[in-house]
Amino acid sequence: MTKMTFRKLLAATALTGITATAVVAEEVDYGKFDGYTLRVKLIGGAQYEPLYARIAEWEAMTGATVDVLSRKNHFELDREIKQDIAAGTLDWCVGSNHTSFAPQYGSIYIDLNGVIADATLAEFQALALENSTVDGRLVQLPRHSDISNLYYIKSLFEDADNQAKFEAEYGYALTPPETWDQVKDQAMFFADAPTFYGTQFVGKDEAITGRFYELLVANGGALFDEDWNPTFNSEAGVEAVNFFKDLYEAQAVPAGSLNYLWDDTGLGFASGTVAINLDWAGWASFFNDPENSKIAGDIGLVRAPKGSAGIRTGWSGSHSFSITESCDNTDAAASFVTFLTSHESQMVEATAGLLPTRAAVWDDAKAQFTADGNDFLVEVFETYAVSMAEDAFTPPLITPWIEVSNEIWPQLQAAILGEKTPQEALDEAADAARIVMEDAGYL
């Protein structure tokens, strides 16, 4: 099947009035690729797996077979892809990607403009496509968006004894926090290590760089100035580092936090041993599922709090799929990524709380939750809709972002552990980041 034929088939669904919001998988012709094996590398983890159960449907429709070469967390997958680039072994077609990671990969992924039908792209949110574009090339098809809001155990806040003790100690009422200073107070109040913790945070790789970045912004700081000089070693940056450091030293977070990534924090909150948890929407259904979570039915949710500058944290982006330049069957790859980001696929992911990138799915998912009486997911979608509209900001969508992050996060760890002062750690990270930016041609 030619690339143009596949595009025309997808465009035809829109021209005949069968939009992506009304199509089920069997009504779309995804092409025939009998006997072909599509080699892919996908992000893995608890919240990503339900979508992959649909791969068998695509195989049945197209006659192709999908060979999943990797299914790893994104940091491990990123390192593997870079090894493939260095070794010249990009012998696979589709890879999981992310708007934060994509700029570093150069030209290994094709421009999806002209490969994915215009009618299909029109179903996606404009901002999601804009953030998926690097140097004018749409190098990824957005799967779902991410931003974090604050989950908490409601019964802890509703307990009269807790309310009285907290107000006596801190001088204000115990309510869901509006500021990060309140989060710190409440986390220290609830903590009872080693069996219960006030909060937690991801502690390594770009995960903690991102958390630092959004607190930096919330405190009125910035990673770079307008000329790309690093400026995160500012008063706002020191304040952000001290947030993590103070919680760690007070044992208000688990001792292993500096090794935590997203599955660790998600499973930690679901275990019922953490009072307050900043997390993305993808965990919402898991948190409220009594088979997986000890806090099901006892979860509150509020928008992410404000920093000292009165700005809410809102580090955001989109998970996505990309197609390699070296792919031996671009039509099959385009069919596959279109299927995995279709309206039906995004409805599957929305039931877990994942935030869709097709505009209509927001309304359709919320309507379905309302019809099902799932008040919790209605609240999740309402809360996250506001935060995506009003609080979201991406890291710099620049080629050396991950390399800059790799200079920052080890220094954050050193400061949190007390091996360096926050100012010393940030100064060293800024000096190293400046060299990265110079080498990349930004300075």
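Modeller: Contact means that heavy atoms come within 4.5 Å. What you see above is a predicted model, where local features need pLDDT of at least 70, side-chain atom pairs count only at pLDDT 80 or more, and totals for chains, interfaces and linings use all residues. Residues are numbered from 1 along each chain as its sequence is written, and side-chain values use heavy atoms, with hydrogens and water left out.

Colleague: OK, which residues does Phe232 touch, not counting residues up to four places away in sequence?

Modeller: With those set aside, Phe232 touches Phe212, Leu216, Ala222, Leu223, Gly237, Ile408, Leu426, Ala429, Ala430 and Ala433.

Colleague: And what makes a set of residues a nonpolar core?

Modeller: The members must be buried Ala, Val, Leu, Ile, Met, Phe, Trp, Tyr or Cys residues, joined through side-chain atoms within 4.5 Å. The largest such core here has 135 residues, and Val94, Phe212 and Phe232 touch the most other members. Helix H18 (residues 401-416) is its top contributor, giving eight residues. Helices (H or I, at least four residues) and strands (E, at least two) are DSSP runs, numbered from the N terminus.

Colleague: Why is Asp427 called partly exposed?

Modeller: Buried is under 20% relative accessible area, exposed is over 50%, and partly exposed is in between, with a 1.4 Å probe and protein chains only. Asp427 comes out at 29%, so it counts as partly exposed. Asp427 belongs to helix H19 (residues 422-439).

Colleague: How do you know which label Asn406 gets?

Modeller: Same test: its relative accessible area is 38%, so Asn406 is partly exposed. Asn406 is in helix H18. Lys204 is 202 residues away from Asn406 in sequence, yet 9.5 Å away in space, C-alpha to C-alpha.

Colleague: Asp205 and Gln251 have positive phi values. Is Asp205 buried or exposed, and what about Gln251?

Modeller: Asp205 has a relative accessible area of 7%, so it is buried. Gln251 has 52%, so it is exposed. Asp205 lies in helix H10, while Gln251 is in the loop between H11 and H12.

Colleague: What makes the peptide bond from Ala193 to Pro194 stand out?

Modeller: That bond is cis, with omega near 5°. Pro194 is found in the loop between helix H9 (180-190) and H10.

Colleague: Where do the domain bounds come from?

Modeller: They come from an automatic or database domain assignment. The chain is split into domain 1 (6-146 + 316-390) and domain 2 (148-315 + 398-439). Taken over C-alpha atoms, their centres are 29 Å apart. The contact takes 30 residues from domain 1 and 28 residues from domain 2.

Colleague: Why is one space called a pocket and another a cavity?

Modeller: On a 1 Å grid over the protein atoms alone, a cavity is a set of points where a 1.4 Å probe fits but cannot get out, whereas a pocket is an open set with protein on both sides within 12 Å along at least five of seven lines. Lining residues have an atom within 4 Å of a point. Volume is the space filled by probe spheres set on the points, which are joined across faces, edges and corners.

Colleague: What lines the largest pocket?

Modeller: Its lining has 27 residues, with Tyr48, Phe75, Trp262, Trp280 and His319 nearest the centre. The pocket holds about 490 Å³ of space. H12 gives the largest share of the lining, four residues. Each of domain 1 and domain 2 supplies at least three.

Colleague: How do the lining residues divide by class?

Modeller: Eleven are nonpolar, nine polar and seven charged. Ala, Val, Leu, Ile, Met, Phe, Trp, Tyr, Cys and Pro count as nonpolar, Asp, Glu, Lys and Arg as charged, and the others, Gly among them, as polar. For the second largest pocket, about 230 Å³, the lining has eight nonpolar, eight polar and no charged residues.

Colleague: How many cavities of 30 Å³ or more are there?

Modeller: The search of the whole structure finds two. The second largest cavity has about 120 Å³ of space. It is lined by 13 residues, and Trp180, Phe201, Arg211, Phe243 and Leu278 are the closest to its centre. By class, that lining has eight nonpolar, three polar and two charged residues.
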